[in-house]
Amino acid sequence: MEVRQQRGRILIGKLGLDGHDRGAKIIARSLCNDCFEVIYTGIRRTPEEIASAAIQEDVDAIGLSLLSGAHNELVQALLKALQQTKGKDIPVIIGGIIPQEDIPHLKEDGVHEVFTPGTPIQTILDAFRKVTDEYRHKKHYQTS
Amino acid sequence: MSKHPAFVEWEEKVLKKTLERTPERVKEFKTASGIPVERLALPETPGDKYLSEIGFPGQYPFTRGVQPTMYRGRFWTMRQYAGYWTAEESNKRYRYLLEQGTTGLSVAFDLPTQIGYDSDHPMSLGEVGKVGVAIDTLQDMEALFTGIPLDKVSTSMTINAPASILLAMYVAVGEKQGISRERLTGTIQNDILKEYIARGTYIFPPRPSLRLTTDIVGWCSKEIPLFNTISISGYHIREAGATAAQEIAFTLANGCTYVEAAIRAGLDVDVFAPRLTFFFNASSDLLEEVAKFRAARRLWARLMKERFHAKKPASQMLRFHTQTSGSSLTAQQIDNNIVRVTLQALAAVLGGTQSLHTNSRDEALTLPTEDSARLALRTQQIIAHESGICNTVDPLGGSYYIEGLTDRIEHEASALIENIDRAGGMIAAIESGLVQRQIEEAAFEYQRQVDSGERVIVGVNQFQVQETVSPPVFRVNTSVEKNEIKKLTEIRTKRNNQKVKDALACLEEAARGKDNVMPPILEAVHEYATLGEMCDVLRGVFGVYNESKGR
Amino acid sequence: MNEIDEILHGIRQKDPHAIGRAISIVEEGDQMAGAILQTLDDETVFTATIVGITGSPGVGKSTLVGQLISHYCRQGHRIGVVAIDPSSPVSGGAFLGDRIRMMRHTMDQDVVIRSMATRGRPGGLCAAAGAAARIMVSSGCNPVIIETVGIGQAEVDVVSLADITVLVFAPGLGDDIQAMKAGVIEMADILVVNKADCPGADALAMEIESAVHGRSCPVCRTIATDTTGIEKLASVIHDVAQKKRQNGQFAGNRQKARELEVLDWAVEMMRAKLKDHLRSQSKQIKGDPRTIARKLIEEICVS
């Protein structure tokens with residue numbers, strides 16, 4: 001049976017010590033249903049672990065859920081780790097409890113999108129589709 | 001008023017005793033218009049089904065409540081969860097709440113503390129003081145309770161994996177205040193199983209964690225008999241996406257696991273069971289929630305009697321604390337949350353809760369500001385003093401809808417528990433991901449309903465407005481981390497490091513063997529060993545837990 | 001240096017970025033795939049051992065693999081893991097969660113982990129997994145573990161890529177070994193009863209031992225969660241591999257695996273061409289499909 005061409009590979013995980021993974025799991029599953037391959041790395045990951053896994057898996061995007069208020073410090077550390085491991089072009093999308101006033105800074109630092117509670121899932125899926133399309137195009141995939 | 005013999009017996013044997021101990025708040029209860037309010041509304045002639053399934057409050061199977069007079073005697077404890085930043089700031093907030101009429105303290109710890117890391121551990125980066133208070137040593141605990149006499153307040157601590165250590169610190173603070181252990185009252189959450197299922201702040205694997213739990217339960221029943229040793233929690237399971245039936249099924253199944261473990265460890269069920277408490281969620285479907293609480297009481301009473309042969313009524317009673325659902329609150333039009341919390345609090349009171357925390361309206365944005373926190377407390381006070389629902393016991397009992405729904409939820413929950421039994425018990429079910437998968441399914445289905453618009457969330461997928469006002473957001477001072485680290489460095493030089501080393505060695509020996517770990521922990525706490533140091537010893541002995549693959 | 005040279009250089013330098021890109025290029029069937037794979041050194045690839053680990057969901061494969069990684073690292077090996085999970089036949093997506101149990105090795109320079117989806121293709125999985133293993137070997141990995149569930153046909157084929165096949169069981173999962181795909185048990189070189197401390201483990205071990213009676217197939221017991229039996233398992237894997245190299249089975253298997261990969265690539269490439277041809281014939285398909293198929297193949301071979 002022929003299967004739809006998958007859209008891309010996305011790493012989904014949680015940075016920091018917060019363990020509430022309901023949101024991350026829903027996003028992971030929604031992405032799977034939308035024809036993505038999701039590498040799910042679970043909770044309590046350090047920025048370095050996420051960056052390292054993203055490189056090994058050659059993902060097309062990283063999606064992180066952050067609920068404990070530590071987003072500024074942790075996202076900064078992640079972006080730094082991605083820089084150091086040649087992953088600075090991998091698009092990063094984050095979601096969670098993030099005050100509006102922090103969002104511009106996060107985007108300036110390099111985060112592609114920030115989603116807060118109440119965002120419809122389709123909006124999030126569309127964002128992932130967009131960034132992965134662009135990134136895969138950059139990687140020049142040409143099937144033989 | 002019914003004069004059925006069963007009712008008369010209840011009045012003589014159960015009600016009378018309670019009235020002697022705790023007289024009702026007023027001599028005569030009346031509605032706002034002056035109509036006399038009866039204590040308990042009953043059918044004219046209670047039939048067999050009524051007597052066996054519904055019964056009377058304060059009597060098996062406790063469907064209508066665990067006390068015969070419920071809020072006619074005493075209101076529930078208004079216990080607002082709070083804690084952030086430093087021990088000194090939290091102390092100020094507690095004293096404020098006590099002045100405003102809170103009757104019990106509830107401590108929130110930051111994530112490093114909950115997971116057994118000191119504030120200077122690399123994993124603590126960005127997390128110190130964010131979701132609760134940072135506690136590294138006894139010094140922080142002393143600061144937390146400065147000016148708060150521990151024999152005058154009841155303190156609930158939301159702490160699980162390192163509960164033994166925080167409890168020891170609390171006892172040590174009491175000792176320093178000159179208060180003997182037997183007078184301390186409060187609760188530690190100490191429910192590690194739900195951490196693997198829904199909350200994620202575990203440290204050690206399930207089996208050694210159960211040993212720690214039974215050590216605490218055993219030690220407390222001798223040393224601090226008034227302390228509630230476990231708050232078996234469904235709140236987080238519900239927040240993770242579980243349905244009402246799943247919430248009580250998985251919670252009670254966890255409860256059974258603890259009871260089994262304690263019995264295996266040689267403890268007497270009628271000694272420790274009266275100190276078990278529960279912690280549930282009050283979600284938005286008001287009537288379903290009321291039915292859920294009633295079903296939970298009946299189901300637990302049956303489990304305790306039939307499965308564990310508990311004889312004392314106190315062992316069969318399901319006493320619970322409730323928190324209104326955090327995940328139901330929205331970041332859009334936050335004043336709507338005040339209405340949501342009110343309805344949810346109403347459900348908890350109509351459902352017979354013993355203690356209640358109401359969320360603040362800014363829940364979806366950040367930790368609450370002082371104003372929001374006060375308003376949440378006022379919500380409870382208005383329900384208690386102005387709504388009239390507290391003047392009769394189990395007002396919704398007897399409603400066709402409520403009784404039918406109670407039966408239905410109990411039935412569903414019972415089937416789920418049997419499923420877990422067949423899978424080899426809760427620990428096996430957790431390790432295989434069986435429980436987590438069911439919750440994920442329910443969560444996904446809920447999200448699907450919201451996304452499709454089938455389920456309306458006012459302000460989010462219907463009745464939206466263009467938000468113009470940016471509500472004040474509570475910011476945690478980021479210098480907290482630096483200051484905590486400084487304090488840690490200082491205390492490590494000031495204390496007697498040899499004594500700390502010896503105490504930690506004793507702890508390791510007890511952990512490796514069969515001795516109760518509480519006494520060596522207390523020793524180490526008194527010497528100002530840090531939380532991280534003590535947890536590292538235990539990590540060395542028990543190992544650490546790795547998340548289940550889930551799928 | 002052009003991109004291909006950069007990647008090849010990076011693989012030899014053990015650069016995770018280069019290895020990751022190379023595997024993606026091969027998986028996507030990118031034009032560069034051939035160039036990369038051609039330059040991988042056959043001799044190096046022959047010296048490494050590829051261990052296939054398979055078994056039903058819930059037996060503890062990922063935990064076991066995690067422990068084997070720790071063991072091999074302590075012994076100073078550089079190790080690669082290809083963790084395969086099924087793609088959804090409905091959505092085309094996949095949930096690749098094996099990595100969770102191996103995350104403690106993410107920061108280790110000498111551990112290369114790659115999650116791969118089956119992508120539901122009749123061909124292509126062996127090609128991609130085999131190529132990924134060879135890329136890892138070229139970066140110095142030995143052994144390389146391929147972890148898969150072993151339920152679908154494609155996954156059973158992946159198992160045949162491995163030099164040593166380890167089939168894992170666990171008690172209490174309602175696993176009737178008679179119900180297990182006959183092919184998989186016969187292909188296994190080593191059988192493992194994991195969760196050996198759980199009730200039913202002894203009975204299961206006996207059942208397995210009688211199923212392989214008459215064949216030299218070691219049965220190991222492990223408790224992956226506390227590392228019990230892991231060292232023994234690694235040593236058994238080593239012994240079986242040695243034996244196979246000495247009696248020529250190793251080389252024979254490799255040749256068979258090679259053939260399988262070639263067939264797999266061929267089917268992958270043909271499939272795309274066949275689809276295009278079929279689509280270009282705008283008229284409706286009428287008549288016997290078998291005859292039409294033969295005609296189609298003849299057309300392509302000529303063109």
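A crossing of two helices is called left-handed if the near helix is turned anticlockwise from the far one by less than a right angle, and right-handed if it is turned clockwise. That term will come in handy below. This is a predicted model, in which local features need pLDDT of at least 70 and side-chain atom pairs count only at pLDDT 80 or more, while totals for chains, interfaces and linings use all residues. Residues are numbered from 1 along each chain as its sequence is written, and chains are lettered from A and ligands numbered from 1 in the order in which they are written.

Let us start with confidence. The predictor gives the complex an ipTM of 0.93 and a pTM of 0.89. For single residues there is pLDDT, the predictor's confidence in each residue, from 0 to 100. Chain C has an average pLDDT of 86, and 91% of its residues score at least 70. Within chain C, strand β4 (residues 111-117) has the highest confidence, at 95, and helix α8 (residues 182-187) the lowest, at a mean of 69. Helices (H or I, at least four residues) and strands (E, at least two) are DSSP runs, numbered from the N terminus.

Next, see how the chains meet. Two residues are in contact if their C-beta atoms, placed from the backbone, lie within 7 Å. Between chains A and C, the contact takes 32 residues from chain A and 33 residues from chain C. On the chain A side, α1 (22-33), β2 (36-40) and α2 (47-56) each supply at least two residues, and α2(A) gives the most, with six. To sort residues by class, Ala, Val, Leu, Ile, Met, Phe, Trp, Tyr, Cys and Pro count as nonpolar, Asp, Glu, Lys and Arg as charged, and the others, Gly among them, as polar. By this scheme, the side of chain A that touches chain C has 13 nonpolar, ten polar and nine charged residues.

Chain A also meets chain B, where 27 residues of chain A are in contact with 30 residues of chain B. Helices α4 (111-114) and α18 (434-452) of chain B each supply at least two residues of the side that touches chain A. The largest share of that side, five residues, comes from α18(B). Its classes are 15 nonpolar, nine polar and six charged residues.

Now look inside the chains. Domain bounds come from an automatic or database domain assignment. For chain B this gives domain 1 (5-54) and domain 2 (70-452), with centres, taken over C-alpha atoms, 29 Å apart. Their contact takes 14 residues from domain 1 of chain B and ten residues from domain 2 of chain B. Chain C is divided into domain 1 (1-39) and domain 2 (41-262), and 25 Å separate their centres, again taken over C-alpha atoms. Here nine residues of domain 1 of chain C are in contact with ten residues of domain 2 of chain C. Helix α2 (residues 16-27) of chain C gives the most to the domain 1 side, with six residues.

Two helix pairs in chain B deserve a visit. Axes are lines fitted to C-alpha atoms, for helices over the stretch in contact, and angles run from 0 to 180 degrees between N-to-C directions. Angles under 35 degrees count as roughly parallel, over 145 as roughly antiparallel, 65 to 115 as roughly perpendicular and the rest as oblique. The axes of α10 (residues 244-264) and α12 (residues 286-307) of chain B come within 10 Å and cross at roughly 25°, so α10(B) and α12(B) are roughly parallel to each other. Their crossing is right-handed. Among the residues making the contact are B:Leu252 of α10(B) and B:Trp300 of α12(B).

The other pair, α20 (residues 497-512) and α21 (residues 518-526) of chain B, packs at an angle of about 165°, with the axes 9 Å apart. These two are therefore roughly antiparallel to each other, and their crossing is left-handed. The contact of α20(B) with α21(B) has nine nonpolar, no polar and one charged residues.

Finally, a few backbone details. Most residues other than glycine have a negative phi, and most peptide bonds are trans. A cis peptide bond joins B:Tyr60 and B:Pro61, with omega about 0°, and B:Pro61 lies in the loop between α2 (48-54) and β1 (77-82) of chain B. Another cis bond joins C:Asn142 and C:Pro143, with omega about 5°. A:Cys35, although not a glycine, has a positive phi of about 75°; this residue sits in the loop between α1 and β2 of chain A.
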